[in-house]
Amino acid sequence: MGEVTARPDVRPAARPAGPWRTAMGQLARNRPAMAAAGFFALIVAACLCAPLYANGIAHTDPFRSAVSGTTVVGGRTVPVLTPSTTGLGLGVTPIGPTWDPAHYFLGADNQGRDVMARLLYGGRNSLFIGLISAVLCCLAAAVLGIVAGYAGGWLDAVISRVLDVVWAFPVYLLAICLSVVLLTNGLRLGPLTVRPGSLWVPIAIIAAVYVPYVARPLRGQVIALRNREYILAAIGSGAPVTRVMHREVVPNVLPTVLVFVPLMTALNMLTESALSFLSVGVQAPDASWGTIINDGLGLLYTRPAVTIAPGLLIALTAAALNVLGDGVRDALDPGARLRGGVV
Amino acid sequence: MPRSATRTVLVTGTAALALLATACSSSGDGGTANSTSTASTSTSGAPAAFQSAHKGGTLHLVAKSAAGSLDPQVNYTLQYWQLYQGMYDGLLAFKKVGGQASFTVVPDLAESMPKVTNDGKTYTFTLRKGIKFSNGKALTTDDVVASFERVFTVSSPTAGSFYNGIVGADACLKKPAGCTLPKGVVGDAAAGTVTINLTAADPEFPYKLAVPHASIVPKGSTAKDAGTTPLPGTGAYKAASYDPNKALKLVRNPYFKEWSREAQPQGYPDEIDETFGLTVEAEVTAVENGQADWVFDAPPADRLNEIGTKYASQVHVSPLTAMWYLTLNVNQAPFNNLKARQAINWAVDRSAAVRLYGGTNLAQPVCTVLPPGFPGHTDTCDYTKGGGATWKAPDLAKAKALVKASGTAGQEVGIVVQDDEVNKSTGEYLQSLLTQLGYKATLKPLSANIQFTYIQNTKNKVQLALTSWYQDYPAASDFLNVLLSCGSFHAGSDSSINIAGFCDKTVDAQMQDALTTERTDMTAANTKWGAVDQAVMAKSPLVPLFTPKLVDFTSTRVGNYQFSKQFYMIVDQLWVK
């Protein structure tokens, strides 16, 4: 036998890109998703700069009432809440948008607070609650879905029935009921204590009420995986459960969970806004986009910007997260598009 | 109306009857800021003659919600007290005219003002003849006796405060069922007289006989709250139907014949309906569009400028004898500390509260419990920057120093407010202010239906609440004695109108002294009430914010608007034709 030598004109095949890199590449080529991600990043960056705007530019405390305050418009000092001077002189109207970043850019609310500064601070809370509750929800749902789907039997029955019970309640009704109780008494679970009025109250509630909506499809996916040949082979070869989970099940479920995160963030942000609008979410003096809409409700006729601005931000941010979520789904689970969706 | 003129009405004379007679001669005042209203009250305070050309039509009123029971001896709301003026009568009535004369008490079902004997403890009335209830039954002395007993059997909200001085009332208050007042209210059918005996002279008793809880209803009326079932009355109108979820409809009482134009004038509209369920925004729009004639609820803050500008001729602004105030629970930390309470009084910017209410044309900052112009009121202000007789500005530095000195900084304070726009925004302002002072303040907006009873019950441990008080009748005691006496504080009860839980023996003795003095010398008594007011403010159990004005918004077709200072707009005297 002669010696085998490599032909200089034949190169070894390039190592194929991993599934994550492939997905990222696919996501990067998805223009709508990238535009949505860019917009979302812009919103996040703006909200993170809230203290910079409030302290460095507007020089205002967005959480302190300034009912008797004044500001400068066109070089003149004017009251932030302006008494009517026409007709019978009834009513007091907050100053409208001045388009001057240093002086009530988007006007004032009925407490004489800078709407722009409150929008930025409110955005921080809305996004924080939306994102953290989505992550917590997906984590809890993943654990429950994987355990129920993989273990089967009585454990699956118990977990599934508990999820069914939660599912049976209308989401908003359940969230409002829990909010009313927790906002009055706070939450105490062993060493875990959440003060009434804390941001963690809406986070915990919103995360909890959506768990069944994520856990059930994950459980279905795990049941399907459980009967795949390579998993049966792994179990048959005596691999411990933890190894099967770690090496086979979790990596297959993880893309689905990741697809859920942006979609649930959008959904949770909308839920937070609804709860805050109903005064059972973020509590004053904290702000969120939902509380700002509530603040503006009494000013719809005179200062609609107080309501429209946070409403627009909620709509645009939710749309951006949904488009991004679709992009992530297309990238991580191309088959889902053919099947018509993730769930 | 100048402040001094009000005093003339209420302080002249040495007894209640003399006081009332004097009041008749005070000048009339439409009470409206808007000159376009058509007051049909003569300058002497006498009602104008009926103008039959304007008789007829249906007056459409709108209100956000119904006001509960239709029973005149149970309901305690302005919403229905206004309507009761045309539906029910008592032995006496407040004059149904606009302006200051509306504080005057005149004979209604009684032929004349009562004969007062026995050192002011016995009132004898002679009933008018020929008056019938809306069910056709003739009014008798038995009905009068039964009505006063019914005040106790139905546990009327004021049974224990207004009518507890009637002989036998004590027993009825203890055991309302089957209440009889054989020595307290005595009817003589043959003579057509009713005699009311009191345990002690009460110069304010005529006022108490002129409010709806003293309405005369037929003997045999249900011994329980009549609820949505209308009770027959003697007034110009009767309730034809009442569904608290939909509407209340009043039609003419077929048995009514006008006996006293100043006590119970015949009304102009043939029908009056009040529809429930619209939002206040929608109510205002309905009046703008001519779909309704009057909005019961206060117009929303962001519509005030619009209606005051575009619909100025339809807007009527009237000053009220009322007070918006904060109660500071003197039995609950941190406000069981005098310095902490005084700090709040120094810190609160009354101008801010006025702005949030609708501006200086709708409210006036106050420093005292008795509203400006009210009997006993004196212009003093203990808590204003730089001192002075009237409020100028808050002193935040002094307030912060007092909080520090009280050692209460950092404590949690719950602020309980109603959940409507004005109350909530005032609550938010207070929360911000308390945070500035170093407290951990939380805001608790509650539905208007429950907030007022919630803050009264000590079990709820309310520390600070925003509320308001509108006079029942024009006497200083109706503010100071009712709101701040030991007798008005009932721990654990939903009916503890002394919300601050203030009970100071020295101040209470001062109040009793003023009440005693009222029997003989009203001028001296009012001076004493002024001193009580100052003594109360030194202890700071409450923070007076402002005295409000009322905005009535009527449709273009409505005429003859008259504002009674006692019961506000006289509904059945409006023209819709």
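## Reading helices, sheets and a core

Me: What covers the buried residues of helix 10 of chain A?

Reply: The cover includes helix 4 (115-151), helix 9 (241-277) and helix 11 (305-332) of chain A. Here helices (H or I, at least four residues) and strands (E, at least two) are DSSP runs, numbered from the N terminus. This is a predicted model, in which local features need pLDDT of at least 70 and side-chain atom pairs count only at pLDDT 80 or more, while totals for chains, interfaces and linings use all residues. Residues are numbered from 1 along each chain as its sequence is written, with chains lettered from A and ligands numbered from 1 in the order in which they are written.

Me: How many of the residues of helix 10 of chain A are buried?

Reply: A residue is buried if 20 or more other C-beta atoms, placed from the backbone, lie within 10 Å of its own; 12 or fewer makes it exposed, and in between it is partly exposed. In helix 10 (residues 289-297) of chain A, 8 of the 9 residues are buried, so the rest of the structure largely encloses this helix. They are A:W289, A:G290, A:T291, A:I292, A:I293, A:N294, A:D295 and A:G296.

Me: At what angle do helix 4 and helix 10 of chain A pack?

Reply: Two packed helices are described by the angle between their axes and the distance between the axes. The axes are lines fitted to C-alpha atoms, for helices over the stretch in contact, and angles run from 0 to 180 degrees between N-to-C directions. Helix 4 and helix 10 of chain A make about 135 degrees, with axes 7 Å apart. That makes helix 4 of chain A oblique to helix 10 of chain A, since under 35 degrees counts as roughly parallel, over 145 as roughly antiparallel, 65 to 115 as roughly perpendicular and the rest as oblique. Helix 4 of chain A makes the contact through A:R118, A:L119, A:G122, A:G123 and A:S126, and helix 10 of chain A through A:W289, A:T291 and A:I292. Contact means C-beta atoms, placed from the backbone, within 7 Å.

Me: Which residues touch the most other members of the largest nonpolar core?

Reply: A nonpolar core is a set of buried Ala, Val, Leu, Ile, Met, Phe, Trp, Tyr and Cys residues joined through C-beta atoms within 7 Å. The largest one has 249 residues, and A:V214, B:L326 and B:L480 touch the most other members. Helix 4 of chain A gives the most to this core, 17 residues. Setting aside neighbours within four places in sequence, B:L326 contacts B:I344, B:L464, B:A465, B:L466, B:L542, B:V543 and B:L545.

Me: Now chain B. What is the strand order in its open sheet of 4 strands?

Reply: Strands of a sheet pair through backbone hydrogen bonds, either parallel or antiparallel. Two strands pair if DSSP finds at least two bridges between them. This sheet of chain B reads 4-5-7-6, with antiparallel pairing. Strand 4 (115-117) and strand 6 (185-188) of chain B are at the edges with a single partner strand each, so one side of each lacks a neighbour in the sheet. Strand 4 and strand 5 (residues 122-126) of chain B share 3 bridges, with B:V116 paired to B:Y123. These two strands form a hairpin with 4 residues between them, where B:N118 in the turn has a positive phi of about 55 degrees. Strand 5 and strand 7 of chain B are joined by 5 bridges; B:F125 has B:V194 as its bridge partner.

Me: Which residues of strand 5 of chain B form its covered face?

Reply: In a regular strand the side chains alternate between the two faces of the sheet. Strand 5 of chain B has B:Y123 and B:F125 on the covered face, and B:T122, B:T124 and B:T126 on the uncovered one.

Me: Which open sheet of chain B has mixed pairing?

Reply: The one of 5 strands, in the order 8-9-10-1-11. Strand 9 (residues 247-252) and strand 10 (residues 271-276) of chain B run antiparallel with 5 bridges, whereas strand 1 (residues 58-63) and strand 10 of chain B run parallel with 6 bridges. B:V251 pairs with B:E271, and B:L59 with B:I272.

Methods. Contact = placed C-beta atoms within 7 Å.
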